[in-house]
Amino acid sequence: MSDIAIRVENLSKEYRIGGKQAVNRTFRETLLDSFSSPIRWMRGERKPIETFWALNDISFEIKQGEAVGIIGRNGAGKSTLLKVLSRITKPTKGRVDLYGRVASLLEVGTGFHSELSGRDNIYLNGAILGMSRREIGGKFDEIVDFSGVEKFLDTPVKHYSSGMYVRLAFAVAAHLEPEILVVDEVLAVGDAEFQKKCLGKMGDVAKQGRTVLFVSHNMNAIEQLCKSCIHINHGRLINFSSDIHSVIVDYLFGDPSEKSSTIWINSENSYISKIFKPISLALTDESGNLLPSTIPNNSDFYVAIEGELAFKDPAFTVGYAIYSEDGALLYWTYNIDTTEDLWPLLNEGKFKIRSKIPHRFLNEGVHKIEMIASLHFREWLLEPGHNNPSVLLTIHGGLSDSPLWFIRRPGLLAPVLKWENW
Ligand SMILES: Nc1ncnc2c1ncn2[C@@H]1O[C@H](COP(=O)(O)OP(=O)(O)OP(=O)(O)O)[C@@H](O)[C@H]1O
Ligand SMILES: [Mg+2]
């Protein structure tokens with residue numbers, strides 16, 4: 001028998017643009033459309049159908065027992081790939097061969113029958129995996145225990161919170177002993193403790209020699225868990241290597257269109273939430289001039305953020321996260337880090353704020369600065385590590401005035417600190 005678990009050959013998936021939204025359109029929206037284009041509507045004309053390739057000619061093989069991470073920007077095609085592998089959607093071209101039973105945990109809403117109780121869904125999923133009632137019964141307590149939703153076992157899952165849903169769905173997928181476990185970004189939904197538990201469980205599953213495919217925006221989790229990593233961009237396979245670190249670095253810093261830019265402008269009107277629209281993120285000098293992509297370390301510079309608020313909300317916070325070249329987070333900072341009297345005003349409408357990064361604080365090398373925003377304690381608007389608006393800055397030279405310090409120091413930061421007798 002061959003040791004291949006998954007073989008994907010020239011896989012492509014074509015979608016209609018706007019197809020996804022069409023499913024969820026309300027009656028009111030449809031009606032409004034017909035008013036906004038009445039002539040077309042009266043003539044019975046339809047807009048021409050536009051399509052695009054969500055997956056484009058992807059080929060790879062995964063060996064049995066391998067734990068493989070899948071990374072890529074929002075909309076890159078990661079979930080689409082997992083859905084095709086789990087046979088939830090059909091490929092437009094190409095083929096997928098799976099050698100073993102697949103259990104998958106995809107977006108909330110797939111895999112479970114919403115009208116059935118948690119209990120019935122456990123049995124249903126087991127049956128789909130080809131297990132007998134007795135076999136499932138043998139795993140039942142473990143599943144319930146792991147999920148922590150015991151009290152709600154007989155409630156239809158449509159009444160579950162998204163966190164509860166994911167807890168149970170993960171417990172089911174991980175405990176029913178599939179040969180191939182496919183997990184899409186679950187960790188984003190559960191709380192921190194549950195995330196840790198899931199990672200541990202996926203590690204166990206991988207150690208038992210089962211194949212694990214894991215999509216995540218959490219690079220640490222990918223590095224911890226996986227033996228190799230796939231990078232997808234615009235539906236194409238960019239990288240597939242067991243050198244996970246270099247795949248991640250290439251993903252975070254590799255896009256050449258970003259490489260020379262110290263300004264990001266929201267030209268595509270992306271990242272808009274109900275309250276916040278980011279307009280620009282820029283690295284500037286004191287007078288507001290854009291920095292070149294490489295600067296010496298001996299002058300201060302500013303991280304400047306422009307945005308627009310649909311309404312004022314005291315919980316709104318905005319700032320940035322900064323990463324070193326190998327993806328390590330150096331720190332986060334927000335507009336509300338100081339005492340309240342020093343916070344910049346953020347009213348309804350446009351705002352422009354900035355924050356100084358002192359000279360001789362960062363180390364030599366490439367840094368990624370990523371805009372982050374949230375409604376404090378309520379929800380992320382731009383969650384760190386999620387392909388948010390970002391800029392790159394390379395620091396080279398200007399490290400210190402000391403006659404004895406002229407090369408890059410090891411370490412993430414390189415502050416020039418004063419020493420004194422006392
Ligand atoms: N059913 C659908 N109909 C039309 N377009 C779709 C459908 N499902 C996904 N898409 C589109 O296909 C592209 C790939 O989506 P996919 O969900 O695979 O991205 P992803 O890599 O999982 O992104 P994320 O990191 O945001 O989860 C996106 O442009 C998305 O809008
Ligand atoms: Mg996805």
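## A walk around the model

Start by selecting Ile263, Ile265 and Leu290: together they make a nonpolar surface patch with about 250 Å² of accessible area. That area comes from the Shrake-Rupley method with a 1.4 Å probe, and for residues only the protein chains shown count as cover. To join a patch, residues need over 30% relative accessible area and no salt bridge; nonpolar side chains (Val, Leu, Ile, Met, Phe, Trp, Tyr) are joined within 5 Å, like charges within 9 Å. The salt bridge in that rule is a side-chain nitrogen of Lys or Arg within 4 Å of a carboxyl oxygen of Asp or Glu.

Before moving on, some bookkeeping. You're looking at a predicted model, where local features need pLDDT of at least 70 and side-chain atom pairs count only at pLDDT 80 or more, while totals for chains, interfaces and linings use all residues. Residues are numbered from 1 along each chain as its sequence is written, chains are lettered from A and ligands numbered from 1 in the order in which they are written, and side-chain values use heavy atoms, leaving out hydrogens and water.

Now zoom in on Ile265, in strand β10 (residues 263-265); strands here are DSSP runs of E, at least two residues, and helices are runs of H or I, at least four, numbered from the N terminus. Ile265 counts as exposed because its relative accessible area is 53%, where exposed means over 50%, buried under 20% and partly exposed in between (1.4 Å probe, protein chains only).

Slide along to Asn269, in the loop between β10 and β11 (276-284). Its phi is near 50°, positive despite not being a glycine, and Asn269 is partly exposed at 46%.

For another positive phi, about 55°, jump to Asn387, also not a glycine. Asn387 is in the loop between β18 (379-382) and β19 (390-395), and is buried at 8%.

Last stop, the cysteines. With a disulfide defined as two cysteine sulfur atoms within 2.5 Å, the count is zero. Cys229 has its nearest cysteine sulfur, on Cys226, 6.8 Å away. Cys229 is buried at 0%, and Cys198 is buried at 0% too.
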